[in-house]
Amino acid sequence: MNAIPGRIAPAPLLSVEGLTKWYGHVLGCRDVAFDLRPGEVLGIVGESGSGKTTLLNCISGKLTPTSGEVRFDTRRFGLTDIYGLSEPDRRRMQREEWGFVHQNPRDGLRMRVSGGANVAEPLMNLGGRHYGNMRQATIDWLDRVELDTRRIDDKPRNFSGGMQQRIQVARNLIHGPRLVFMDEPTGGLDVSVQARLLDLLRELVRDLGLAVIIVTHDMAVARLMADRLMVMKGGEVVETGLTDQVLDDPQHPYTQLLVSSVLQI
Amino acid sequence: MSTPVPARANAPERYYNYAYLDEQTKRMIRRSILKALAIPGYQVPFGSREMPVPYGWGTGGIQLTAAIIGPDDVYKCIDQGADDTTNAVSIRRFFANVADVATTEDTGEATIIQTRHRIPEKPLKQGQVLVYQVPQPEPLRGLEARETETRAMHAYEEYGLQYVSLYENVSTYGRIAATAGYPVMVEERYLMSPSPIPKFDNPKMAQNEAVMLFGAGREKRIYAVPPFTRVRSLDFEDYPFETQTWEETCALCGAKDSYLDEVILDDAGDKMFVCSDSHHCAERREAGHVGPMAGHTLDQDAALKEPAQ
């Protein structure tokens, strides 16, 4: 990359190189490479089965890739390959510095404990042992994601789908992560709820200066949230660039198809 | 007062092994016990055997006792603190039968005490072994159903999750309301479930002189707390650990500092509180302590001499 005089490119927060995942002889994703800088929002789009979720799982340490490297700028070890870390170190890093918002809140929440305890859990995992302080932080965060703080002790099943997703967002942001993974965070919600949740996410991401990797098949979500886009097809990245550039002037035939197939009302 | 077992008439014909289990099984269990003692609080898997009682009736404790008992031992068995409940009586009789040991109700005299739900009130001494019957050895199971995950959490000392249950307690009841099976940290390393003893007994585990062995038969786990080990009950900085207290005293012996059971007396809602440790209560009454509801002693001989008309 040519350095532009007067501008210093910040060091990457996450750097992925040659990432490949085979499920036996079925391809998950092949030779994916990109850099993510602090505060940047990267969208991964593509049809279902294109390898988006495989890629996300590989990057977030949930699924060991067949080959390739995922380097993250950890607080304790600097920029290191996360699969080179020992398991306890990797788990600790995931707990301390990452968040993961699942598509289905049931995957991301403990359904048997209250919403408040779900939000406070990351604090306890990081050594919080003062009930009053954690309670206050939980109330602050419920307020921030626009939930009724009086319902703090209700079980997640007593909340609507959109509210559950807000609890999940609060749970994944309360400990001040630097990188948050989102797997279709607005999938399964109706359009008006989706719009409000997106609005909230956008605000939080901007206020907190979070880096986000968001996987979606919804072009509208990509347009609203992402700074940069990666378009995937058949396990490979076919096009990458700034969001507006990719969506307004798609180069690859598949991207053109994807963009033109968005329903207009 | 120990009851010596009379010599058996059919001693030569006995067809079962000493202390019921075969020698190889006892050897396997002893190896697990040694490992458990070497790593306080760590759950050691073992090949739990089918016992002549159902799971949940103390199969883990019985196997531990069978592995460590010898003819010179004096055996005591309690259930909810009492020596005279059905389960305690039959397990005690089982070992009198298969191991030819003397049995006792006296806490001080026993060398092996098998227990469920209580630690005796009388402080244990060096040389004694307390065997717990454990239904669920995994303290994190209620919050994390995956065994692979809980094993990793123990291995990497990730115990934040246990505090979630305490948090739920405080947010629901305004205090840590959990009373039995209250989780403890052993030597500041392993999180351990102390089996369903009341949290009243938790402080007794710390720096105890006796060996404490825990056996879970269905879950196939053995763990242990060796003598003089640090045992700390979990709590929050602003909600410290505390044990149960009673405003009442024991109705029979007047004890103020023992663990009390509430007994309903009639349909009108009358009730009494009595020591759950039956031997402790009897000893106090013998020493002359009298509670508010203690009656006269029954004169059995007099009753026999003058049959009712």
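This is a predicted model: local features need pLDDT of at least 70, side-chain atom pairs count only at pLDDT 80 or more; totals for chains, interfaces and linings use all residues.
Residues are numbered from 1 along each chain as its sequence is written, and chains are lettered from A and ligands numbered from 1 in the order in which they are written.

Chain A has 10 helices and 10 strands, where helices (H or I, at least four residues) and strands (E, at least two) are DSSP runs, numbered from the N terminus. Its C-alpha trace spans about 55 × 50 × 50 Å along the principal axes. A compact globule of 265 residues would have a radius of gyration near 18 Å, and the 19 Å of chain A agrees with that; the radius is taken over C-alpha atoms, and the globule rule is 2.2 Å times the number of residues to the power 0.38. Of the 265 residues in chain A, 42% are buried, a residue being buried if 20 or more other C-beta atoms lie within 10 Å of its own, exposed if 12 or fewer, and partly exposed in between, with C-beta atoms placed from the backbone. Among the contacts in chain A with a separation of 6 or more, 64% join residues 24 or more positions apart; two residues are in contact if their C-beta atoms, placed from the backbone, lie within 7 Å.

Two residues of chain A show such surroundings in detail. Glu40(A) is found in the loop between strand E2 (26-36) and strand E3 (41-46), and Glu40(A) counts as buried because 21 other C-beta atoms lie within 10 Å. Not counting residues up to four places away in sequence, Glu40(A) touches Ala211(A), Asp227(A) and Arg228(A). Pro105(A), in helix H3 (residues 105-108) of chain A, is likewise buried, with 24 other C-beta atoms within 10 Å. Leaving aside neighbours within four places in sequence, Pro105(A) is in contact with Pro156(A), Gln164(A), Gln165(A), Ile167(A) and Gln168(A).

Helix packing in chain A can be followed in H4 (residues 115-125) and H6 (residues 161-173), whose axes come within 7 Å and cross at roughly 25°. Axes are lines fitted to C-alpha atoms, for helices over the stretch in contact, and angles run from 0 to 180 degrees between N-to-C directions. H4(A) is therefore roughly parallel to H6(A), since angles under 35 degrees count as roughly parallel, over 145 as roughly antiparallel, 65 to 115 as roughly perpendicular and the rest as oblique. The contact is made by Gly115(A), Asn118(A), Val119(A), Glu121(A) and Pro122(A) of H4(A) and by Ile167(A), Ala170(A) and Arg171(A) of H6(A).

In chain B, helix H1 (residues 23-38) and helix H2 (residues 59-68) pack at an angle of about 100°, with their axes 9 Å apart, and H1(B) and H2(B) are therefore roughly perpendicular to each other. H1(B) contributes Lys26(B), Ile29(B), Arg30(B) and Ile33(B) to the contact, and H2(B) contributes Gln63(B), Leu64(B), Ala66(B) and Ala67(B).

Between the chains, 14 residues of chain B are in contact with 17 residues of chain A. On the side of chain B that touches chain A, the residues divide into eight nonpolar, three polar and three charged, where Ala, Val, Leu, Ile, Met, Phe, Trp, Tyr, Cys and Pro count as nonpolar, Asp, Glu, Lys and Arg as charged, and the others, Gly among them, as polar.
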